[in-house]
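Visitor: I would like to learn how to read a chain's overall form and its contact with a partner. Where do we begin?

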Amino acid sequence: MSETSRELIVSKIRNGTVIDHIPAGTALQVLNILGITGREGYRVALVMNVESSKLGRKDIVKVENRELKPEEVNKIALIAPTATINIIRDYRVVRKVKVKLQDVIEGIIKCPNPNCISNLPREPIKPKFRVVSRNPIKLKCVYCGRYITGDDIARQLH
Amino acid sequence: MGFKGRDVIAITDFTPEELLHLFNVAKTMEKYCRSRLELLKDKILALAFFEPSTRTMFSFQTAMHRLGGSVIWFSSSEATSIAKGENLADTIRMLSSYADAIVIRHRFEGAAAFAAEIADVPVINAGDGSQHHPTQAMIDLYTIWRERGRIEGLNVGVLGDLRYGRAAASFIYAISMFKPKKLYLISPELLKVRSEVRDYLESKGVDYTETTRLDEVIDELDVLYVTRVQKERFPDPAEYEKVKGSYRVDLKVLSKAKEDLMILHPLPRVDEIALEVDNTRYAYYFKQASYGVPVRMALLALVMGGIE
């Protein structure tokens, strides 16, 4: 059942971004990755565990009056590879894209290797990973070469 | 083939052709190991050894002196501003403004790659953490090339600490670039190679096998690369106690070896090769250590622009 077919849990937004097809139960992590705390002043709606024909169950995030940039949203591919991004203007979807994991992921997750230079607190260094495989997700630290897999990523982002 | 100005972070940054070019230069350098060239006159090499070293540091120093250049160095962080709390980035920035190249050894993995991002001059990794020691791997391959005449198509065993030993990991990466006939990874269960290394072997299509028993494969080997257990890199001392002394190369196990087996070891050794092996025809590890100077002379001359 699509959200629009019967009754809406949350009203439509006029302008902003709708992130749809988020795996059920991960919407809070999505907000976390996007750095949305709720204290920004704009309206944010969170819908969790609604029916989805594609996913069975899914989460949806609506952010009013803010058009998220693709590079911002692509970060959520780490935990929500199925998500789609809808840019809304005047109640209409003007752009719809699937998230895509970038080849290099910088600064979102930490390297799991405690002996990696990127974990030294006083160095001007951001953790950086290259994608080894997208499905299942496996990344490799640019500095120490250690792998990080989907489970480790999800654990870090909780 | 451009070595000039390049960072040397991992052995896999180089192609087999580039390494063979390096070896040809190193062979020429052997003639000058007791004299002095002027190839790097007026050049300064900084040695930043945040971790202790004997062979690596002295052979870099010797190599630079033999090439006519100068060296600035520290060999532990105690006598420097690092003891006052200076971070790696600031230390590298400072050395980069003084010297024409920087050699770094550091306990943290990826330190050399990070230093290379900061420095404006070439950075050479002299060992960071437990995965990379590219100049050691160059010396290891050079020893095989020099003494055996070829590197390809050999049955190669790597024995010891394949999990925490950076020389072992670097050697595995290096030998895999030269199509070994078969690679035998011999180690206690706890010290088996990481999945990252296994993936690399598979991506290169290397025929390899993992075993815990040297005596079962010794008769197959053309080269046996031995490493010590890296006590200092064990996260848990109890685990170290479990595996220390769990393998040993002695005359008994060598009774089944091929006539022309070469035993290599990056040194220092503890007790993984019995002293009785030193005087056998199999022992190439002291020769290997002596090649540290010509190989590093070749690398410095190429990277610092002394020769093409």
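Guide: Begin with the radius of gyration, which is taken over C-alpha atoms; the globule rule is 2.2 Å times the number of residues to the power 0.38. This is a predicted model: local features need pLDDT of at least 70, side-chain atom pairs count only at pLDDT 80 or more, and totals for chains, interfaces and linings use all residues. Residues are numbered from 1 along each chain as its sequence is written, chains are lettered from A and ligands numbered from 1 in the order in which they are written, and side-chain values use heavy atoms, without hydrogens and water.

Visitor: Which radius of gyration does chain B have, against that of a compact globule?

Guide: Chain B has 19 Å, which agrees with the value near 19 Å for a compact globule of 308 residues. Its C-alpha atoms fill a box of roughly 55 × 45 × 40 Å along the principal axes.

Visitor: How many residues of chain A and chain B take part in the contact?

Guide: Contact means heavy atoms within 4.5 Å. Chain A gives 17 residues and chain B gives 20 residues.

Visitor: What area do chain A and chain B bury between them?

Guide: Buried area is the accessible area (1.4 Å probe) that two parts lose on being put together, summed over both. Here that comes to about 1,600 Å², 48% of it on carbon and sulfur atoms. In chain A, the residues that lose the most area to chain B are A:N115, A:I117 and A:Y143, together 32% of what that side buries.

Visitor: How many salt bridges cross the interface of chain A and chain B?

Guide: A salt bridge is a side-chain nitrogen of Lys or Arg within 4 Å of a carboxyl oxygen of Asp or Glu. The rule finds two across this interface. A:K128 forms one with B:E117, with the closest N and O atoms 3.5 Å apart.
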